Amino acid sequence: MKKLILFFVLAALVSCKDKKSVLPSPSGTAGEVLVVMNDSYWHADAGKLLYELFAQDVAGLPWSEPIFDISRIPRASYNDMVRIARNVVEVDVGDLYSSGKVKFYKEKYSRTQAYVKIQAPDEETLYKIIKENEMKLLSFFYSAERERLMTYFKKNGNEDYITRVKDSIGYDLVIPTMFNHDNFHGENFVWLSSGNVDARTDLALYTFPCSDEDIISLDYLIEKRDSVMKINVPGPSDGSYMCTENVVPPEFNKITVNGKDMYEVRGLWKTTVDMMGGPFVSYAYYDKENKTVKVLEGFVYAPHKDKRNLIRRVEAVAYSWKPEMNLKSSVSRE
């Protein structure tokens, strides 16, 4: 009897595993959300709220780009062909529901899928439930996009660069094969580039001494950034170098990445002589043991091209970083 029970348990486990393995690949493009919602609600306050949530501008870009591209279909058009989209919000309103509810699913109909179902008895309740869950909705899909990139990068890591970065500056992170150009400056600064001429993504990794975490602020990090970039990131013309563009003030937030407190800065960069520029995002971690600040920064140069998805690649790399790992003793440069 015990053997029979064990057989059914194992069979159930294999069945669950097989079910997930046969899920189709998701449809849609990076940064796209499919909303399944009837016209009457889409054009009402609830639909406008949902649209404004996903269509708000990405912070720190030189021009307006939405956090997500939105596609919308009525419920009558929702079928097996479209339900496998990578990011889905299904809205169902009707008398059969006594209250509003939001359900979050991963891999409901396709691999890596992020799926949300919102149920409500009427439009007023629908608006209220969306309003109450705005940040959860945004975070759920944003995290799903980042996790897809992280999974891809882990499978396509540049093992040579991963090792060289560990040996050079002591950083433990996943470096995808898209980064295939390097400029190793020693123990305190590493510069990696995708090498693409028309849509380039770069990583800058550096450390500097800091006696007290309380002095860390936006102005402090920008001052350090500019001093490091002036020395290490020259522009194409003689005497040109990278610096922070302050026409649009950078944004500064304290966030948590993989359980570690970090300081995030989003803004624009430029070169002092040449007409070059673009967005950057940096993550600074205070190493209390060694009294240093470790920085992982990504910047994008893609003239006349959208930059949202490029900067998200940097974010995915940053979320693979284990800043508490001291793989090498570093001598910091001011």
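Is Phe 54 buried or exposed, and at what relative accessibility? In this predicted model, Phe 54 counts as buried, with a relative accessibility of 0%.

**View 1. Aromatic pairs include an edge-to-face contact between Phe 54 and Phe 68.** Aromatic pairs in the model come to a count of 17. In one of them, the ring centres of Phe 54 and Phe 68 lie 5.8 Å apart and the ring planes stand at 85°, so this pair is edge-to-face. Because Phe 54 belongs to helix α3 (residues 45-55) and Phe 68 to the loop between α3 and β2 (69-73), the pair ties together parts that are 14 residues apart in sequence. Phe 68, with a relative accessibility of 1%, counts as buried.

**View 2. Tyr 171 and Trp 321 form a stacked pair.** The centres of these two rings are 5.0 Å apart and their planes are at 20°, so the pair is stacked. Tyr 171 and Trp 321 are both buried.

**View 3. Ring pairs link five phenylalanines into a cluster.** The members of this cluster are Phe 54, Phe 68, Phe 104, Phe 140 and Phe 141.

**View 4. Charged ends sit over the rings of Tyr 105 and Phe 280.** The charged end of Lys 108 is placed over the ring of Tyr 105, at 4.1 Å from the ring centre, while that of Arg 225 sits over the ring of Phe 280, at 4.0 Å from the centre of that ring.

Terms used
Residues numbered from 1 in each chain as written. Predicted model: local features only at pLDDT ≥ 70, side-chain atom pairs only at ≥ 80, totals over all residues. Heavy atoms only, no water. Phe/Tyr/Trp six-rings, centres within 6.5 Å; stacked < 30°, edge-to-face > 60°. Helix = DSSP H or I, 4+ residues; strand = E, 2+ residues; numbered from the N terminus. Buried < 20%, exposed > 50% of the residue type's maximum accessible area, 1.4 Å probe, protein only. Lys NZ or Arg CZ within 6 Å of the ring centre and 35° of its normal.
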